[in-house]
Amino acid sequence: MKTATPAMARAINDRLALDLLLEQGPLTAPQLRELTGLSRPTVADLIERLRAAGLIEAAGEYGEDRRGPNARLYAVVADRAHVAGVDIRRTGIAVTVADLAGRTVGSAVRALPGPLPELIVQAVAEAAGGRPIEAVTLGAPGLVHPHTSGLTGDNGVPGWRPDLLEEVRRGLGVQVVLENEVNLAAIAEHRLGAAVGHADFVLLWLDDGVGGAVVLGGQLRRGRSGGAGEVGLLEMAGTSFCCAVEPAVARRLSRAELVERIAAGAFTVAAVLDPGLIVLGGMMGREGGAELAAEVEERVAARSFAPTEIRASTVEGNAILQGAVLTALDLARDAVFGEPSMA
C-alpha cells in the first residue's frame, strides 16, 4: 500500500483548507483546526504556505464586537483566477464570468446567426473585461460524447461545425470543455437547487427542448455515447415525448392533459432508474412550480411501485449558465489549488 509523502500530505491539507474557505467563507486558524482536525502547528504552517503562494489573504478579524484579542480571518484570493460559463442556444449566446469564489464579475450576450466560434470568443472577452480566464465551459444542445467531447450529431445551432471546440480553444488560449446543456442544468440543480443533498435524481427538462439528465451516486451519468437521460425520444401515443409536451403543444392542452403527459414521461424514468427524486426543470417546470410537481407526483404514484418525489426546479436564473460556471470552477480550482484526487 502506497503511503503519503510529506509533500503529498501538505498538498492534501492545503486543498482541504482551501475548499473549506470557499464553502464556509472567511475562517480563523482555530476554526480551521476544528474543521480539519489538524494540529495547531500544521494549520499555522499551511496558512503561511498558502499566504506565501498568494492563494489566501487576511480578511478582517473575528470577534471585533467582544473584549479580548481578536482572531484573524483568512479568505481565498478570489481574483487569483476567473472562469467563464457559456450557454449556446439556437438564437443566441450568453456568457457569465466569475472569480474563484463563484462571484459573477461580468456578462455578455450575442445574437445568432453569425460566425459562431468568433462570437463565443468575443463574448467571453467582453464579459472578462480584461481579466485572464483559467477555464471555460460551453453548454449546448445535443449529445456530447464522453470520450471525444464532440457532438454525436447535428444540434440545430446556426453556424455549429465539427471543429468549433478547437476553434474556441485556439481563440481563447485556455482550457475549454463542451457539455450538454441539460447536464449542466442538473449540476446546478444538484449543488444549488431542489436536488441539494440527494445522491440520486433525474432532471426532466421541459422547455423549447425536452430532455433529461441523470445523477446517480452523486455523479452525472452520461452513458456510453452521451445519450443518458434523452427522454425526449420516448414513444408516447404515436409521437415522441418531446413532441407531446413541447411548449407549442402544451399551450393547446388542458391542465389535466399536460399533467398526464408529463407524468407518463416521469413514470418511465421512475420505473427504469428508481431515482427517488425527479426535478421538473426548464421553463415549464419552473413556471408550474410546486403545484404542477404535486399533480405529476400524484399521477406517477398511481402507476409506480417505486416511491418518487417530484419537485420543481429551484435554481434561480439561467440554470444552464450556472452549471457551466460551476463546471469551469471545478477545472480552475484543480489547476490553481491542485487536484483533489491527491487526497
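How do the residues of the lining of the largest pocket divide into nonpolar, polar and charged? They divide into 17 nonpolar, 10 polar and 10 charged, where Ala, Val, Leu, Ile, Met, Phe, Trp, Tyr, Cys and Pro count as nonpolar, Asp, Glu, Lys and Arg as charged, and the others, Gly among them, as polar. This is a predicted model, in which local features need pLDDT of at least 70 and side-chain atom pairs count only at pLDDT 80 or more, while totals for chains, interfaces and linings use all residues. Residues are numbered from 1 along each chain as its sequence is written, and side-chain values use heavy atoms, with hydrogens and water left out.

Select Ile187, Arg191, Leu326, Thr327 and Asp330, which of the 37 lining residues lie nearest the centre of the largest pocket. The largest share of this lining, 9 residues, comes from α11 (helices are DSSP runs of H or I with at least four residues, numbered from the N terminus).

Next, select helix α6 (residues 181–192) together with helix α11 (residues 319–337), which pack at an angle of about 80 degrees with their axes 7 Å apart (axes are lines fitted to C-alpha atoms over the stretch in contact, and angles run from 0 to 180 degrees between N-to-C directions). That makes α6 roughly perpendicular to α11, a term that covers 65 to 115 degrees.

Finally, select Arg89, Arg90, Pro141, Glu181 and Gly209, which lie nearest the centre of the second largest pocket. The residues of its lining divide into 9 nonpolar, 13 polar and 9 charged.

Terms used: Helix = DSSP H or I, 4+ residues; strand = E, 2+ residues; numbered from the N terminus. Parallel < 35°, antiparallel > 145°, perpendicular 65-115°, else oblique. 1 Å grid on protein atoms, 1.4 Å probe; cavity = no way out; pocket = protein on both sides within 12 Å on 5 of 7 lines; lining within 4 Å.
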